[in-house]
Amino acid sequence: MTKKVLIADDEPNIVVSLEFLMERNGYVVKVANNGEDALKCVAEFVPDLILLDVMMPHMSGYDVCQKIRENPAWQNIKIIMLTAKGREVEVTKGIALGADAYVTKPFSTKELTAKVREILGE
Amino acid sequence: MLQGWVIILISGAYLGVLFAIAYYGDKRADAGRSIIANPYIYSLSLAVYATAWTFYGSVGRAASNGVGFLPIYIGPTLMMALWWVVMRKIIRISKMNRITSLADFIASRYGKSALLGGLVTIIAVVGIVPYISLQLKAISNSFEIIKSDNLEIIRAGQLGTVPILGDTAFYVAMLLATFSILFGTRHLDASERHEGLVAAIAFESLVKLLAFLAVGVFVTFGIYNGFGDLFGRAADHPKLAQLLNPFGGAAGSFASWAWLTFLSMLAIMFLPRQFQIAVVENVDENHLSKAMWLFPLYMLAINVFVLPIAFGGVMHFSNAPVDPDTFVLTLPMAERQEWLALLVYIGGLSAATGMVIVETIALSTMVCNDLVMPVLLRMKGLRLNESPDLSGLLLGIRRWAIVSILLLGYLYFRLAGEAYALVAIGLISFAAVAQFGPPIIGGIFWKGGTRMGALAGLSAGFAVWAYTLLLPSFAKSGWLPLSFIEQGPFGIALLKPLQLFGLEGLDQITHSLLWSMLANVGTFVTVSLVGHESAVEHSQASLFVDVFKRGGDTSGVHLWRGTASVEDLQALLGRFLGPERAHEAFVAYAQRRGALMPQHLEPDADMVHFAETQLAGAIGGASARIMVASVVKEEELTIEEVMGMLDEASQIIAYSHQLQQKSRELEEATAELRAANERLKELDRLKDDFVSTVSHELRTPLTSIRAFSEILHDNPGLDAGERGKFLNIIIKESERLTRLINQVLDLAKLESGKAEWHVSELDVREVIEDCINATSQLFRERNVRLETHLPAAVPLIVADRDRLVQVVINLLSNAVKFCNPKDGRVAISLHRHPDSLQVDVKDNGPGIGARDQVVIFEKFRQAGDNLTEKPQGTGLGLPISRQIVEHFGGRLWVESEPGKGATFSFTLPLAASRAGAAGAAAEKAA
């Protein structure tokens with residue numbers, strides 16, 4: 001069964017690259033441009049994994065992550081947080097809020113797709 | 001001729017009247033309606049000074065010395081002038097310290113010294129006993145004269161042969177003792193005040209004055225025809241003529257006048273009875289102001305007829321051996337004026353009685369409080385400390401003291417009385433009490449006087465007094481060999497008591513006074529200066545000397561430290577005053593201190609002081625100190641500690657000022673540090689944020705570049721459309737990265753002041769037109785209309801052209817970016833202010849909220865946080881523009897209302913205003 005991946009990022013060019021990568025790997029992809037959108041998509045699309053950018057307008061990636069983890073129905077959704085801020089505090093914060101992995105930008109496309117596969121248990 | 005029993009009856013009746021007045025006075029006082037609370041009664045009672053010695057003796061002295069009797073009355077009159085300074089202070093001190101006798105006063109002043117109190121008491125008793133004997137002598141003499149009708153001098157030998165039980169004087173003494181006991185020791189009063197007694201004394205003073213005036217008027221106008229006649233005849237009398245010259249011969253030298261005046265100045269204050277009446281019995285110190293002229297008036301009145309009576313007597317009895325001391329009585333008798341004689345007798349009796357009663361009461365208080373009690377209280381075997389009620393014992397001691405003093409007086413009268421005239425005996429007593437002058441006067445005006453000084457001075461003065469006055473009187477009475485006077489002890493001429501160290505030519509009193517005062521004052525001052533005072537002495541000294549400075553506030557600093565209990569103190573007071581009165585006193589005290597019951601108060605120094613002063617009223621300062629010490633555990637204070645306690649108050653104030661100052665400074669410093677720290681933290685945070693933000697802004701385009709490069713690299717089979725799209729992204733993001741890096745570096749240079757500026761004179765209009773051309777492509781792409789409002793010509797400004805272009809383009813591209821996407825409109829205008837040019841760039845976008853109007857000028861902050869779409873740009877344009885404008889002395893700001901677009905404006909100062917007024921003027925002319 002095809003896995004569903006939600007891409008939540010406010011940088012259009014990064015979204016394009018992630019979309020290309022995920023589709024290339026055979027996932028069903030949906031895009032959200034900000035945190036609120038992302039939560040809406042989670043409810044409708046119910047992805048298996050989210051690539052979640054931290055710095056988004058209106059609702060940060062952290063808030064989205066927290067909201068998802070608060071909902072028992074969404075416990076199985078995997079979350080990979082993406083951030084351009086690579087500081088140790090931010091990594092710790094993301095993991096503490098229930099993210100499954102943390103990837104700093106700029107990322108290696110190979111590593112990212114490997115990580116997605118690994119987390120989805122493929 | 002009056003019968004003896006009539007005289008005795010009348011005497012008894014008169015004393016009964018006195019007692020009735022006293023009784024009435026006491027009753028009124030108990031009811032709170034004092035009859036003595038006015039200056040007239042006070043002034044009259046002071047006339048207890050005029051004793052039988054005045055009544056009979058003045059005439060006696062005038063008969064032999066002429067006006068030589070006057071100094072005894074001039075002294076008090078002079079002294080009265082000083083009373084406001086001296087006596088008021090003594091009264092104030094006594095009231096505040098509950099001082100009840102002379103001995104108590106001196107003892108209290110010098111550290112509540114029991115030894116000093118005892119010495120003063122002994123001096124007073126020894127000194128006053130002859131004086132009392134003088135009164136006994138006067139009363140019994142007058143009684144014998146008026147009874148026997150024998151006007152001639154009763155010889156000493158005759159009196160001596162009378163057995164004691166047949167001697168009038170003995171019965172007089174016992175009668176007076178009884179009355180003194182009745183007047184003075186019926187009950188124990190903490191203040192030792194006897195209102196009834198004072199009333200009786202005032203009455204007695206009136207009686208003796210009236211009696212004396214009656215005789216005077218009778219002699220002057222009855223026997224003779226007025227003063228003119230009397231003095232005229234006296235001038236013709238060979239013996240009397242020379243008496244009228246005050247300083248000639250018999251009247252005494254100038255020196256003896258001066259010394260006698262000085263002596264009686266001291267006596268009017270320091271005779272125990274005067275102290276009792278003037279100080280202890282004083283109701284209100286304001287009475288002094290009236291007494292200061294009323295009392296001298298009384299003195300004048302009672303002396304007006306002294307010379308007439310004396311001269312009349314001398315002339316009348318020129319051939320009979322009549323004692324001049326009895327002229328007052330014998331003149332009316334010789335003229336067969338029996339009722340006048342009786343009045344005179346009553347007047348004399350009155351004068352003597354008043355003196356004896358007040359004197360013995362005053363002395364008995366001293367003997368009891370300052371001599372007997374301190375000794376008894378120290379005798380642990382008596383267990384007085386445990387006795388529940390000692391008031392009976394106190395009264396008993398006083399009664400026995402009265403009887404003993406009168407018996408002593410009688411003894412002196414029997415043994416020595418006849419050798420001296422009345423005046424001489426009185427002066428001996430005066431000289432004794434004069435010894436109290438230095439320690440008292442010195443004590444209230446000089447803080448340096450010490451206990452040792454007072455003890456030494458008093459001892460020395462008293463010793464000299466005894467040696468030069470008392471012992472000679474004994475010698476003259478036959479107790480000592482006369483050779484003691486004539487050759488000096490052991491034949492040493494220098495030590496002859498009446499010519500000490502060869503000092504001759506002075507009368508006995510002057511001689512004695514000179515030497516005793518010299519010894520007293522000299523020793524007092526020397527010892528005081530050489531030695532040093534204890535803590536208690538120091539505190540008492542300042543209490544006495546500075547009594548007016550303390551302004552009646554007794555609850556000030558008490559130099560005391562120790563532990564006490566309220567119950568113990570109250571019980572102690574109860575033993576001397578009775579439990580009832582002690583309770584009342586303590587409750588009143590507690591309420592004064594603002595507590596309901598004494599138990600609610602801490603037994604502090606103030607309470608101990610209160611108990612001690614209460615007790616001092618009953619048993620004297622020295623005894624009170626001993627008693628209080630027995631229930632209170634006092635810690636010894638050193639003089640340094642006392643000085644410390646006195647300084648403490650002022651030091652504490654100074655300290656707290658300093659502390660306040662310090663803590664204020666500290667607070668300020670802390671606040672400064674905190675602010676500095678906050679600034680540092682803020683800077684640190686800003687730097688951190690900046691680094692973090694820059695890193696984020698750099699990573700974002702880099703992410704796209706890397707991702708697409710890898711995608712292109714790993715997917716060679718991509719179609720041409722996708723390849724082109726991905727490559728285009730890589731190029732755009734690279735440009736973005738470059739721009740960002742440039743702007744960060746640019747801003748860093750601007751902020752650090754290391755930017756290069758190429759300054760020249762510019763026409764802003766031209767600059768704006770260039771910018772419009774440069775951005776025309778952008779406007780066309782976004783389909784945004786641009787309006788321009790530029791004046792034909794504007795003055796030049798001085799700036800960097802490229803930088804100014806940077807600012808204008810930044811504002812124009814921002815306007816394009818944020819204007820209404822459907823109907824985008826931007827307006828740029830330029831206008832001139834008197835000394836600057838202003839450029840406005842207006843858009844029709846969503847506008848900027850008040851909060852964001854500040855935020856947008858900060859680095860990497862964009863109002864776009866509120867937008868759904870992430871705005872493009874680095875977030876550094878406006879901060880850079882502001883830096884540039886401000887560099888040229890202008891200002892960059894935004895005005896906006898949400899929904900109505902935003903207007904970014906900046907000003908630049910004109911070149912003319914920079915160049916000076918000349919340029920501006922030239923421009924105007926053009």
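Which residue is the bridge partner of Ile50(A) in S4(A)? The partner is Ile79(A). The model is predicted: local features need pLDDT of at least 70, side-chain atom pairs count only at pLDDT 80 or more, and totals for chains, interfaces and linings use all residues. Residues are numbered from 1 along each chain as its sequence is written, while chains are lettered from A and ligands numbered from 1 in the order in which they are written.

In chain A, strand S3 (residues 49–53) and strand S4 (residues 78–83) pair in the parallel sense over five bridges. Strands here are DSSP runs of E, at least two residues long, and helices are runs of H or I of at least four residues, numbered from the N terminus. Two strands pair if DSSP finds at least two bridges between them. S3 and S4 belong to an open sheet of five strands in chain A, ordered S2-S1-S3-S4-S5, with parallel pairing. Strand S2 (28–32) and strand S5 (101–104) are its edges, each pairing on one side only. From one strand to the next, the twist averages 20°; axes are lines fitted to C-alpha atoms, and angles run from 0 to 180 degrees between N-to-C directions.

In chain B, S9(B) pairs antiparallel with S7(B) through seven bridges. Phe904(B) of S9(B) is the bridge partner of Val841(B). Strand S8 (residues 891–896) of chain B also runs antiparallel to S9(B), joined by six bridges. Ser896(B) stands opposite Ala902(B). S8(B) and S9(B) form a hairpin with five residues between them, and Gly899(B) in the turn has a positive phi of about 90°. The covered face of S9(B) carries Ala902(B), Phe904(B), Phe906(B) and Leu908(B).

Helix H32 (residues 764–782) of chain B has 19 residues and should span 27 Å at 1.5 Å a residue; its end C-alpha atoms are 26 Å apart, which agrees. The expected span is 1.5 Å times one less than the number of residues. Val764(B), Val767(B), Ile768(B) and Cys771(B) are buried in H32(B). A residue is buried if 20 or more other C-beta atoms, placed from the backbone, lie within 10 Å of its own, exposed if 12 or fewer, and partly exposed in between. The buried residues of H32(B) pack against elements including helix H33 (801–818) and strand S9 (902–909) of chain B. Contact requires C-beta atoms, placed from the backbone, within 7 Å. Asn783(B), with a positive phi near 60°, follows H32(B).

Key. Two residues are in contact if their C-beta atoms, placed from the backbone, lie within 7 Å.
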